[in-house]
Each structure stands twice: as structure tokens, then as C-alpha cells.
Amino acid sequence: MLARKAGVVLLAVTLTNPYLQCVGASLWFLAATALQVRFTPYTKPLFNRLETASLVTTLLTAVVSTALLQYNVGVTSA
């Protein structure tokens with residue numbers, strides 16, 4: 001979980017283009033979701049389901065943000 005959070009911070013700090021940030025976040029959360037589903041690190045099934053739901057929601061948010069970024073008039077580099 002800490003590596004996932006550190007990766008998000010690294011994406012935000014190292015990339016200046018908002019489109020690349022959104023695409024990178026989408027790929028990052030897709031990988032995190034796949035790892036969560038594959039390894040199910042928590043002992044209680046409820047915790048694994050909650051973490052998976054949280055990751056899927058975050059992934060969908062990043063994908064929708066990527067799609068809607070084209071309508072952001074204030075961002076010139078998008």
C-alpha cells in the first residue's frame with residue numbers, strides 16, 4: 001500500500017503534463033488492482049473486497065479524468 005502511494009506521489013512530482021499524469025495514474029492503479037486481485041493480501045475477505053472496490057473506483061476516476069481533460073480550457077499542455 002505504501003509503494004502504491006509513493007508511486008502516485010512520484011507521478012505527480014516528476015510529470016508536468018496533466019494528460020501524462022492521468023494516463024500514468026490509470027496504468028498505476030490498473031496494476032495495483034491486478035496485484036490486489038491476484039494476491040489478496042488481507043486475511044479477512046471483507047478487507048480484500050473493500051480494497052478491490054476502492055482501487056476500481058480510483059481507477060475509474062483516473063480514466064474519466066483522462067477523458068475529460070480534453071475539455072479543460074485552462075490547461076495548454078493537454
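Analyst: Packing of the helices

In helix α1, residues A3, R4, G7, V8, L11 and A12 meet Q21, G24, A25, W28, F29 and A32 of α2, where a contact means heavy atoms within 4.5 Å. Helices here are DSSP runs of H or I with at least four residues, strands are runs of E with at least two, and both are numbered from the N terminus. Sorted by class, the contact of α1 with α2 holds eight nonpolar, three polar and one charged residues. Nonpolar covers Ala, Val, Leu, Ile, Met, Phe, Trp, Tyr, Cys and Pro; charged covers Asp, Glu, Lys and Arg; the others, Gly among them, are polar.

The model is a predicted one, in which local features need pLDDT of at least 70 and side-chain atom pairs count only at pLDDT 80 or more, while totals for chains, interfaces and linings use all residues. Residues are numbered from 1 along each chain as its sequence is written, and side-chain values use heavy atoms, with hydrogens and water left out.

The geometry of this pair can be stated as follows. Helix α1 (residues 2-14) packs with α2 at an angle of about 170°, the axes lying 10 Å apart. The two helices are therefore roughly antiparallel, a label for angles over 145 degrees, with under 35 called roughly parallel, 65 to 115 roughly perpendicular and the rest oblique. Axes are lines fitted to C-alpha atoms, for helices over the stretch in contact, and angles run from 0 to 180 degrees between N-to-C directions.

R4 belongs to α1. With 18% relative accessibility, R4 counts as buried; buried means under 20% relative accessible area, exposed over 50%, and partly exposed in between, with a 1.4 Å probe and protein chains only. Leaving aside residues up to four places away in sequence, R4 touches W28, F29, A32, E51 and L55.

Both E51 and L55 are among the buried residues of α3, as are N48, L59, A62 and T66. The buried residues of α3 pack against α1 and α2. Helix α2 (residues 18-39) and helix α3 (residues 45-68) form a pair at an angle of about 160°, with axes 9 Å apart. These two are therefore roughly antiparallel as well. The contributors from α2 are Y19, C22, V23, A25, S26, F29, L30, A32, T33, Q36 and V37, and those from α3 are N48, E51, T52, L55, V56, T58, L59, A62, V63, S65 and T66. By class, this contact has 13 nonpolar, eight polar and one charged residues.

One contributor, V56 in α3, counts as partly exposed at 33% relative accessibility. The C-alpha atoms of V56 and A34 are separated by 9.8 Å, and the two residues are 22 apart along the chain. Helix α3 itself has 24 residues and reaches 34 Å from its first C-alpha to its last, close to the expected 34 Å, which is 1.5 Å times one less than the number of residues.

T40 is placed in the loop between α2 and α3. T40 has a positive phi of about 35° although it is not a glycine, and its relative accessible area of 41% makes it partly exposed.

For context, the chain comes to three helices and zero strands. Of its 78 residues, 24% count as buried.
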